[in-house]
Amino acid sequence: MGRAVASAAPRRTARRPLDRDLILGAAIALIERDGPGGLTMRRLGAALGVEGMAIYHHFAGRDELLAAIGDRLLGPLNELDLGDEWREACRRFAVTLRDIALARPATIQLLGLAPFDTAASLQPVERLLEVLIARGFAPPAALAIYRVTVSFARGYALAEAAGFTVDASRPAARRRLASLPLGEFPILAGRASELANLDTGAAYDLGVRALLAGLADPGAFELGTSDNPARTDRPR
């Protein structure tokens, strides 16, 4: 006589309560999976297993969510040891920005042109300015150096994430270059295989070092005045 086997009741997996941290992690994962245009409240809710409206209990709207994603994205800058040598501090800041972009390319495309001006995202900026001012730069000069450094880093990171105008490292891009009229483009069409030898990381490091080497020391640094009425005072 066979022994009856009681069927075990299916286990119910406890779902983690919805909170800001969980939403931000899911939002970044969604952006990286579906691209910069993939983030909507409805799709984010579906990824979390809730109605999209539930997200509004934690974020007032899309703008607040995007700002918080920016804070999460720039988190590694808060842990960065800048040191006390100003050029090296700027180099570390720029390199970390590129590392962030490489880790989250779709998210950096979505947020790359946004002003990261929340208190959380401005904390590492404050620390970098402290290094520059401690080395003798006046606050306006320190801000100028910060802007130049970060503008290069963000521009390069965006180009790298979206695709460089000339990128011979990819077969499809090399074919496009090779299809150009050789007589008009002897370098782009005729030397695509040589151009493919450029390492984007090495090129980035070259640009950062050249940029910082060209900046003057505090005693020789002079800032002119600008008559441009469209200038902005936002630091980023």
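**Note on the core and helix packing**

1. The largest nonpolar core has 53 residues. Those with the most contacts inside it are L39, L44, L65, I69, F93, L128 and L132. Such a core is a set of buried Ala, Val, Leu, Ile, Met, Phe, Trp, Tyr and Cys residues joined through side-chain atoms within 4.5 Å. Helices α1, α2, α3, α5, α6, α7, α8 and α11 each supply at least two residues of it. Helices here are DSSP runs (H or I, at least four residues), numbered from the N terminus.

2. On the source: this is a predicted model, where local features need pLDDT of at least 70, side-chain atom pairs count only at pLDDT 80 or more, and totals for chains, interfaces and linings use all residues. Residues are numbered from 1 along each chain as its sequence is written, and side-chain values use heavy atoms, with hydrogens and water left out.

3. Helices α5 (86–103) and α8 (139–162) pack at about 25 degrees, axes 9 Å apart. Axes are lines fitted to C-alpha atoms over the stretch in contact, and angles run from 0 to 180 degrees between N-to-C directions. The pair is therefore roughly parallel (under 35 degrees). Among the α5 residues that meet α8 are W86, C90 and F93.

4. L212 sits in α11. Its relative accessible area is 4%, so L212 is buried (under 20%, 1.4 Å probe, protein chains only). L212 touches W86, R87, C90, R91 and T149, leaving out residues up to four places away in sequence (contact: heavy atoms within 4.5 Å). R91 is 121 residues from L212 in sequence, yet 7.7 Å away, C-alpha to C-alpha.

Definitions and conventions: Buried means under 20% relative accessible area, exposed over 50%, partly exposed in between (1.4 Å probe, protein chains only). Angles under 35 degrees count as roughly parallel, over 145 as roughly antiparallel, 65 to 115 as roughly perpendicular and the rest as oblique.
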